[in-house]
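Hi there,

Here is the structure I promised to pass on to you.

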Amino acid sequence: MTSSVGARGNPIRRPVGALMLGWPVVNPSATAHLVATSWRQASWSGALRQDSKCRHWGVPRSGPADPTQRTDAQVRARFDELREQWIVATAGAASAMERFRHPAYQQIIGLGQPAVPLLVDELRSRPDHWFWALSCITGLDAAEGSTTIGDAAQRWIAWATEVGYVR
Amino acid sequence: MSGSSQIERLFPNLTAIAWHATSPADRRYNCVAWAAEDNEAWWEPVISPAGRFLGGYFWPHGVGVQTTLANYINLFRMRGFEICETAEFEAGWSKVALFSDDRGKPTHASRQLRSGAWTSKLGALEDIEHATLDGLVGAEYGKVAVILRRPA
């Protein structure tokens, strides 16, 4: 086990090698399986896999559905569709991690950088659990140390404004 | 979408007991926070892709970060609770119920009110008051795994 320090100085213990293994991303074929059966029963090491091509915390940056090939309007439409799927499907879920595991949320992460201003706009209008997605896409935690969703949302908005993602 | 129809669709056993919503839907806190009488933070050990606590979530210092029933029991033990035998109301005691799925993973927490009824925050949905714990047993939250109590 290794240790680090998190919010409010809490020590974190995690298994050695957790980072080396990378963070799981959606295998498109596995996604179909998850939707067809139960996303809740999926394990990170099973239907969700590490993509050896990923160098950005496991988020795929290219492939058949390369988000850079989409127009802003297409990204917006796809984002809205996935967001609604995710909100409805995870409404009763008591765990944020369970929410992040949902295929629609994973596909939002897969939209990549074009999704960042959309996620920040969401935080402005109705703060929600978008911090994991933002962290996966950008490679940072703009709200590190924050312990409330409202405060974290404000810090992500401030970061996005500062770097020019949003005005 | 939110409201009683959505809640009863997710928790069909609620239709067999008395229950009602006691707050608007709110995504800023979860059931564990609500059981711990906090409606401002989402209590969960969310670890960032970089291996640190992800900003936006709260987890008490000294409690393990794995999502296990033992860690959730420990969380409430650190707040003065001890495991007890019954969910029945006992004068002079405050009670919390922890639910788990069929793999023993914690899924939900409810807090008993002085009336003997229970209060629950349902994910990102509303807080509800429900007459018994049975109303939340089912596919979404599994079953009641443990009851804890502390002096009121």
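Is the crossing in which H5(A) passes H6(A) left-handed or right-handed? In this predicted model, H5(A) passes H6(A) in a left-handed crossing. The residues that make this contact are A:Val116, A:Leu119, A:Val120 and A:Leu123 on the H5(A) side, with A:Phe131, A:Ala133, A:Leu134, A:Ile137 and A:Thr138 on the H6(A) side. By class, eight of the contact residues are nonpolar, one is polar and none is charged. To place the two helices in chain A, H5 covers residues 116-125 and H6 covers residues 131-138. Their axes come within 10 Å and cross at roughly 155°. Angles over 145 degrees count as roughly antiparallel, and H5(A) and H6(A) are therefore roughly antiparallel to each other.

Staying in chain A, have a look at helix H4, which spans residues 103-110. This helix is mostly covered, with six of its eight residues buried. The buried ones are A:Pro103, A:Ala104, A:Tyr105, A:Gln106, A:Ile108 and A:Ile109. After H4(A) comes A:Gly112, which has a positive phi, near 75°.

One is B:Leu10, which belongs to helix H1 (residues 4-10) of chain B. Its relative accessibility is 16%; buried means under 20%, so B:Leu10 counts as buried. Setting aside neighbours within four places in sequence, B:Leu10 is in contact with A:Ala91 and A:Gly92 from chain A, and with B:Leu125 and B:Glu140 from chain B. B:Glu140 is 130 residues away from B:Leu10 in sequence, yet their C-alpha atoms are 6.7 Å apart in space.

The other is B:Ser23, found in the loop of chain B between strand E1 (19-21) and helix H2 (31-35). B:Ser23 also counts as buried, because its relative accessibility is 17%. What does the side chain of B:Ser23 reach at 3.0 Å? The answer is the backbone nitrogen of B:Asp127. Apart from neighbours within four places in sequence, the contacts of B:Ser23 are B:Tyr29, B:Glu126 and B:Asp127.

If you open the model, you could begin with the H5(A) and H6(A) contact and then turn to B:Leu10, with its contacts in chains A and B.

Best wishes

Terms used. Residues are numbered from 1 along each chain as its sequence is written. Chains are lettered from A and ligands numbered from 1 in the order in which they are written. This is a predicted model: local features need pLDDT of at least 70, side-chain atom pairs count only at pLDDT 80 or more; totals for chains, interfaces and linings use all residues. Side-chain values use heavy atoms; hydrogens and water are left out. Helices (H or I, at least four residues) and strands (E, at least two) are DSSP runs, numbered from the N terminus. Buried means under 20% relative accessible area, exposed over 50%, partly exposed in between (1.4 Å probe, protein chains only). A polar contact is a pair of N or O atoms within 3.5 Å; within protein, one must be able to donate a hydrogen and the other to accept it, and residues adjacent in sequence count only if both atoms are side-chain atoms. Contact means heavy atoms within 4.5 Å. Axes are lines fitted to C-alpha atoms, for helices over the stretch in contact, and angles run from 0 to 180 degrees between N-to-C directions. Angles under 35 degrees count as roughly parallel, over 145 as roughly antiparallel, 65 to 115 as roughly perpendicular and the rest as oblique. A crossing is left-handed if the near helix is turned anticlockwise from the far one by less than a right angle, and right-handed if clockwise. Ala, Val, Leu, Ile, Met, Phe, Trp, Tyr, Cys and Pro count as nonpolar, Asp, Glu, Lys and Arg as charged, and the others, Gly among them, as polar.
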